[in-house]
Amino acid sequence: MSDLGSEELEEERENDLGGTYKFKNGARYIGEYVKNKKHGQGTFIYPDGSRYEGEWANDLRHGHGVYYYVNNDTYTGEWLAHQRHGQGTYLYAETGSKYVGTWVKGQQEGAAELIHLNHRYLGKFLNKNPVGPGKYVFDIGCEQHGEYRLTDVERGEEEEEEEAQVTVVPRWKATKITELALWTPTLPEKQPPEDGASQEGTPGAGAGGEAAEEAQALADLSEGELDTTRPGEEEGDASRADRAESHEDNLEQGNVSFEEEDGRQSEMLD
């Protein structure tokens, strides 16, 4: 896929008017010019079939624009001095994955999200590679947390003999998997109906409520009786003891009166 600047492809121009411009190598530009340079809104079609649609400044892609690559990949986002810079989304046509996040001088760098068909990765990137802590979020609802650590690639004996640049590749190390957090709808709580509405709307429910109240009253009453019988029994025991003592006193008094009467009768006989 070609990403060459138009300055390598275009032929000389002598006006600042907008329009369609054709170049010797087959490239075309449709848009605005300022001082014989592409400036403003315009579309540039490259010889390999790729094209850029968006903002230009001083003959460079600058501002917001979309680049359609020859392999059907697309980049939509911010540009600075002919390079992807700022916030942008790169769609990989072959896999359907897309990178959504920060770009620095044409490279994937900074906080971003790499979205795949059934999962996505959230973390930071450096030189097109994920680095540091991050997490994978799966469509089934679980998340795998971990960290990308940079490690040297193992080289063979022949490669070790040659002086070659060491390639560093990030390796994923998982630390934990969170529990499933599936979404479930929350139904609004039903407010209890008013007394009048419940009696009018559902007579059976009102009768049931009265029966429940009567049952509760009987239960309270029975509990009260159970609670009060114990003191009552103690009072009954005391009263029965008092009556027994008075009965004994009456018997003693009866015996005394009987003895006195018997004595008087004996005196009269004498």
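Predicted model: local features only at pLDDT ≥ 70, side-chain atom pairs only at ≥ 80, totals over all residues.

Trainee: Why is the pair Asp-59 and Lys-38 called a salt bridge?

Mentor: A salt bridge needs a side-chain nitrogen of Lys or Arg within 4 Å of a carboxyl oxygen of Asp or Glu. Here the closest N and O atoms are 3.0 Å apart, so the pair meets the rule. Side chains of opposite charge can pair when their charged atoms come close.

Trainee: What parts does that pair tie together?

Mentor: Asp-59 lies in the loop between strand E4 (51-57) and E5, and Lys-38 in strand E3 (residues 37-45), so parts 21 residues apart in sequence are tied together. Strands (E, at least two residues) and helices (H or I, at least four) are DSSP runs numbered from the N terminus. The protein chain has 3 helices and 13 strands.

Trainee: How many salt bridges does the rule give?

Mentor: The count is 5. Among them is Lys-135 with Glu-143, at 3.4 Å from N to O. Another of them joins Arg-149 and Glu-147 at 3.6 Å.

Trainee: Why are Lys-135 and Glu-143 called partly exposed?

Mentor: Lys-135 has a relative accessible area of 24% and Glu-143 has 22%, so both fall in the middle class. Arg-149, at 42%, is partly exposed, and so is Glu-147, at 30%.

Trainee: How do you know that Asp-73 has no salt bridge?

Mentor: Lys and Arg count as positive, Asp and Glu as negative, while His and the chain ends are not counted. The nearest side chain of opposite charge to Asp-73 is Arg-84, 8.9 Å away, and Asp-73 is buried.

Trainee: What does the side chain of Asp-73 reach, then?

Mentor: It reaches the backbone nitrogen of Ala-93 at 2.8 Å. There is also a polar contact of 3.0 Å between the side chains of Asp-73 and Tyr-90. A polar contact is a pair of N or O atoms within 3.5 Å; within protein, one must be able to donate a hydrogen and the other to accept it, and residues adjacent in sequence count only if both atoms are side-chain atoms. Asp-73 itself sits in the loop between strand E5 (60-68) and strand E6 (74-80).

Trainee: Where is Thr-102, and what does its side chain meet?

Mentor: Thr-102 is in strand E8 (residues 98-104). A polar atom of the Thr-102 side chain lies 3.2 Å from the backbone oxygen of Ala-111.

Trainee: Which residues touch the most other members of the largest nonpolar core?

Mentor: Phe-23, Tyr-29, Phe-44 and Tyr-99 do, in a core of 22 residues. Such a core is a set of buried Ala, Val, Leu, Ile, Met, Phe, Trp, Tyr and Cys residues joined through side-chain atoms within 4.5 Å.

Definitions and conventions
Residues numbered from 1 in each chain as written. Heavy atoms only, no water. Buried < 20%, exposed > 50% of the residue type's maximum accessible area, 1.4 Å probe, protein only.
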